[in-house]
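Subject: Structure handover

Hello,

Here is the structure I promised to pass on. Please open it first, then read the notes below.

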Amino acid sequence: MGSIQRTPRARASAASWVTPGREGPVAFVVVGAGYLTTTQLVLWLNEPAPGGSGLWPAAGLTLAALLFLPTRSWGWVLAAIAVAELGGDLAHGHPLGTSLGWTLGNCVEPLVGAVLLRRFGNARGALAPLRQLLLFLLLAVLVAPVVGASIGSATTVISFGAPILEVWPPYFVGDALGVLIVAPALLALRTRPRRRRLGETTALVLASLLVTAAIFLADGSWWTTSTPYLLIPFFTWAALRFGLHGTAWMSLAITVIANTATAAGYGPFAAAGAPGGHAVTLLQTYLAITVASALILAAMVSDLSDREQVERALHHQATHDHLTGLPNRAYLSTALDAALTRCAVVGGRVGVLLCDVDRLKRINDSLGHAAGDLYLAEVASRLGGALRRGEVVARVGGDEFIVLIEDADAGAVDAVARRLMAAVNVPVLLPPNKEVTPSLSIGVALGDADSSSETVISGADHALYEAKKRGRGRIEHFGDRLRSQLRERTQIEEDLPQALGNGDIFCVHQPEIEIATGALFSFETLARWQHAERGLIPPDRFVPVVEATGHADRLFSTVLHQSLASQGLWAEQLGFRPAVAVNVSALQLGDLELVDTVGSALALAGASSGSLWLEVTETATADTAALTVLSALHDLGVRLAIDDFGTGWSSMARLAGHPWDVVKLDRAFIAPLGQEPDAEHLVRAMIVMAHALGMRTVAEGVETPLQLEWLTEMGCDVAQGYLFSRPVSASEAPRLVDTNGLWIGSSSTPDRPRPEHVRTRLSDEQGQTSSR
Ligand code: C2E
Ligand code: CA
Ligand code: CA
């Protein structure tokens, strides 16, 4: 990640090398001393070269100084040039006017270079990217020396009467080369040199120096003026492998040797013996071309590697997870696609393990997100550490990882799942000081040439869901059973909208009976789906799909309308309007629309709100929005029952805070009545508390006379269950009660024994009222 910033970075600006505000005077001293030293050295070497010297390092030094410094300090640099140049010229006995002319040329030249670079967007004299280097070559190496050489050689021509064509070219080439060779070496100091092995560096330095020495220090008559081109491979080597930094410094070193040797009469150029200092000009032209080419090559390489680095960093960022450093979902899906494609070519199967880290939410909630992150990172590193060849792990969600296994079968995948489980299952100490042992739930699926990555992952997802349903820390395989379950679910999802419209989803009704009187309390309306291919689908299988696909409202109004319509028919048959109860999905309690739906359905059916019960599961009532909706329903006159009580929060406080009329005790508590003393205590306590809060109680799932006896003894108000009747069709329902609303037995279970006291209580009334 950090590598994205690893493009050449300013190592330190010149200003930070010295105390702020003191750069000017420091520059004055450094530039002055450097200027004086190099110019005197060059003049001494090139003596008696008339009309300018071969290489003018001062041109590069002064330009670099300007580019290093803020413009407010430029005056100090110009002052240093003026003092060193003027002083040197006068000391050599040149007339004042001539000295002033040369000084002007040497001040104007770097100034023109620096100002032009600034004007065209390369204020600091950057040598990369390539655009900046080309600007540098054009403005600083060509244009500025044209100006400087013109002023300087004009001075020489006027003072000494030398021919302009003899003076100007060497003057210009010397300045241009001074800038080309010296400025990049100094400017490169601001960038980090590319890290290379010591061996390669030593090899390049030794080899290039050796060849340079062989060419320039040997007796020049052995060589021709094209021999120096043997150095080109070394320039290329430097450019390709050592960047601008290495190239600039190697150029400087070769130039110093070549220039000194040629001035001293060694090497091929001196031997060529061109008259009037032209040997030097030939050398400089050679150096200018090779060095400029090498710098351009180095800049291009640096561009490429910068771009590559950025691309690599971006790619890493896009395909890896920040917290764990593991590959992410994007990476995984590419890898999975590739693996499945390989299956198509070479056969075999791919294993996908979807691992869910158990209890992460609890750790986040109790120890904070920092501890949660630590926990996850630890699990991630254990997963990574447990992998073998051909296995990849990716983090694909908050607490979900996928391990991809190439060339797998069911046995191998199961072994990997167990290995991962064991690797993770070691205690970890979380701050402030809590030891937690991580565990995984794993869903496993295999894919082959015919699978898509979506189907494999959704298979693993389905298996994971099953694993978690059976308790945490388990492994579940996506096999035939789950496959047909998933197929069913998919089909249910597809067929649902149509079934809601065409009457395939219909209602059955189950009576709830008042225990003390045997009178009908209400009919609970329960949904069924008669599916063309799958037959009768119970609500446990399709209601979750209804909710997951956002159809809860439609199911509810379908059931409500059917229920109220049946209620109207029953009223005509029985002479009174029996209450009906309709189940409400938890999701619907978030929206006041439910109140409108209920109100208009009641109005349409001409039913009174008091004859409608709505049953809501306990867990649905957690938030305040639910309370608002429930209160509005209650204000409408609708009566409310809390369903499946005891399976959720079982919070008495929440019971007290809501407008409930009835508590329905879940059948899980009723089933063990008469067998487990604890169940009796629990049911008794719930009944007592509900009564204390002013609510009535309904026992669900009453199947035996014994259960009914217990409930009677405990004071439970209403019972519902197979003992009285299974859910029946709308036409059967009214036959379960007489015109006084008393239960007369289930037509579908005629010989079911009735509980003693109910039988006696009902026996005489039955004789009088049985009028069907
Ligand atoms: P629930 O609301 O608790 O409904 C009672 C369930 O218990 C019904 O199952 C009923 O047939 C069953 N039952 C009744 N007496 C006995 C008994 O003595 N023994 C046993 N073992 N079971 C008994 P059903 O009809 O399969 O409904 C299951 C669940 O589906 C319902 O539980 C309810 O949560 C949901 N459901 C049914 N219809 C609808 C509906 O229209 N809308 C919504 N949202 N949910 C519905
Ligand atoms: Ca119910
Ligand atoms: Ca229930």
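Start with helix H16 (residues 480-502): arginine 489 and glutamate 493 both lie in it, 4 residues apart, about one turn of the helix. Helices here are DSSP runs of H or I with at least four residues, strands are runs of E with at least two, and both are numbered from the N terminus. The two residues form a salt bridge, with their closest N and O atoms 3.6 Å apart. (A salt bridge is a side-chain nitrogen of Lys or Arg within 4 Å of a carboxyl oxygen of Asp or Glu.) Arginine 489 is partly exposed at 30% relative accessible area. Glutamate 493 is partly exposed too, at 34%. (Buried means under 20% relative accessible area, exposed over 50%, and partly exposed in between, with a 1.4 Å probe and protein chains only.)

Before the rest, some ground rules. This is a predicted model, where local features need pLDDT of at least 70 and side-chain atom pairs count only at pLDDT 80 or more, while totals for chains, interfaces and linings use all residues. Residues are numbered from 1 along each chain as its sequence is written, chains are lettered from A and ligands numbered from 1 in the order written, and side-chain values use heavy atoms, without hydrogens and water.

The whole structure has 24 salt bridges. One of them joins aspartate 358 and arginine 472, at 3.5 Å from N to O. Aspartate 358 sits in the loop between strand S1 (350-357) and helix H12 (360-367), and arginine 472 in the loop between helix H15 (453-469) and S7, so the pair ties together parts 114 residues apart in sequence. Aspartate 358 is buried, at 0%. Arginine 472 is partly exposed, at 48%.

Another joins lysine 664 to glutamate 615, with the closest N and O atoms 2.7 Å apart. Lysine 664 lies in strand S14 (residues 662-665) and glutamate 615 in strand S12, so this pair links parts 49 residues apart in sequence. Both residues are buried. They also belong to a network of salt bridges that links Glu512, Glu524, Glu615, Lys664 and Glu700.

The calcium ions

Which residues hold the calcium ion (ligand 2) as protein donors? They are Glu524 (OE), Asn583 (OD1), Glu615 (OE) and Asp643 (OD), at 2.1 to 2.3 Å from the ion. (Donors are N, O and S atoms within 2.8 Å of the metal, or 3.2 Å for Na, K and Ca; water is not among the atoms, so sites may look incomplete.) Asparagine 583 lies in strand S11 (residues 580-584) and glutamate 615 in strand S12 (residues 612-617), so the pair ties together parts 32 residues apart in sequence. Asparagine 583 is partly exposed at 28% relative accessibility. Glutamate 615 is buried at 2%.

Aspartate 643 bridges this ion and the calcium ion (ligand 3), 4.1 Å apart. The donors of the calcium ion (ligand 3) are spaced D-D-x55-E along the chain. Among them, aspartate 644 is in strand S13 (residues 639-645) and glutamate 700 in the loop between strand S15 (696-699) and helix H24 (705-714), 56 residues apart. Aspartate 644 is partly exposed, at 22%. Glutamate 700 is buried, at 9%.

Best wishes
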